[in-house]
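Please view the sequence and the model together before reading the points below.

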Amino acid sequence: MDRGLVEQAVQGDRDAFVALAGAAYNRLIGIARLILRDEDAAADAAQEALTSAWLHIRSVRDPDRFDAWLNRLTVHASYREARRRRHRVIEVQVMNVDLADARDAVAAVDARDQLERAFRRLQPQQRAVLVVHHFLQLSDIEAAAVLGVPVGTLKSRLSRATQALRAALEADGRTPGLAAEVPA
């Protein structure tokens, strides 16, 4: 993040804001995708966050905190998008896998699929706290600032989200018909 670009954007320089948005876009899409688990919803949330950022750019008081502010806008835009799309059908996207070693590849795909199913069972707020902590790798103080909660609240939400993820993984393992059998 370039402090000078942020200062120019705060003064109303559109080109500076476009440069900042371009540099942050992939990160914002990544955050939203992990929270929402839907490519289209993630794009909508990232776009909403950037629109909100442009509309409220003059509220940035500390240019060094611009990225954290943009992350927070993305998390909240993801929450709103999740509420809008609550009753949508979940689409499964199959990815091509190079099967150099079939057993390891199948096990890796199975593990990733289990984690994906468990992650989808979580509420968007639970996914958000896990994303901010593990994906963005922010400190507790920074993660709390992004989510707009006190540090203690962040820690308790992180603990509950981790417990919920473990419970969802265990429930998925016990559900008959979901475990795929791999021929030996």
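The structure is a predicted model. Two packed helices are described by the angle between their axes and the distance between the axes.

**Helix H2 against helix H4**

- The crossing of H2 with H4 is right-handed.
- The residues of this contact comprise 11 nonpolar, 3 polar and 3 charged.
- On the H2 side, the contact is formed by Leu 20, Ala 24, Arg 27, Leu 28, Ile 31, Ala 32, Ile 35 and Leu 36.
- On the H4 side, it is formed by Phe 66, Asp 67, Leu 70, Asn 71, Thr 74, Val 75, Ser 78, Glu 81 and Ala 82.

**Helix H4 against helix H6**

- H4 and H6 cross in a right-handed sense.
- H4 contributes Val 75, Tyr 79 and Ala 82 to the contact, while H6 contributes Pro 124, Gln 125, Ala 128 and Val 132.
- The residues of the contact of H4 with H6 divide into 6 nonpolar and 1 polar, with no charged residue.
- Val 75 and Ala 82 of H4 are named in the contact with H2 and also in the contact with H6.

**The buried face of helix H1**

- Helix H1 (residues 3-10) has Val 6, Ala 9 and Val 10 as buried residues.
- Viewed down the axis of H1, these buried residues fall within an arc of 100 degrees, so they line one face of the helix.
- The cover over the buried residues of H1 includes H2, helix H3 (39-55) and H4.

**Asp 44 in helix H3**

- Asp 44 lies in helix H3.
- With a relative accessible area of 36%, Asp 44 is partly exposed.
- Apart from neighbours within four places in sequence, Asp 44 is in contact with Glu 81 and Arg 85.
- Asp 44 and Ala 32 are 12 residues apart along the chain, and their C-alpha atoms are separated by 8.9 Å.

How values were computed. Residues are numbered from 1 along each chain as its sequence is written. This is a predicted model: local features need pLDDT of at least 70, side-chain atom pairs count only at pLDDT 80 or more; totals for chains, interfaces and linings use all residues. Side-chain values use heavy atoms; hydrogens and water are left out. A crossing is left-handed if the near helix is turned anticlockwise from the far one by less than a right angle, and right-handed if clockwise. Helices (H or I, at least four residues) and strands (E, at least two) are DSSP runs, numbered from the N terminus. Contact means heavy atoms within 4.5 Å. Ala, Val, Leu, Ile, Met, Phe, Trp, Tyr, Cys and Pro count as nonpolar, Asp, Glu, Lys and Arg as charged, and the others, Gly among them, as polar. Buried means under 20% relative accessible area, exposed over 50%, partly exposed in between (1.4 Å probe, protein chains only). The arc is that of the directions from the helix axis to the C-beta atoms.
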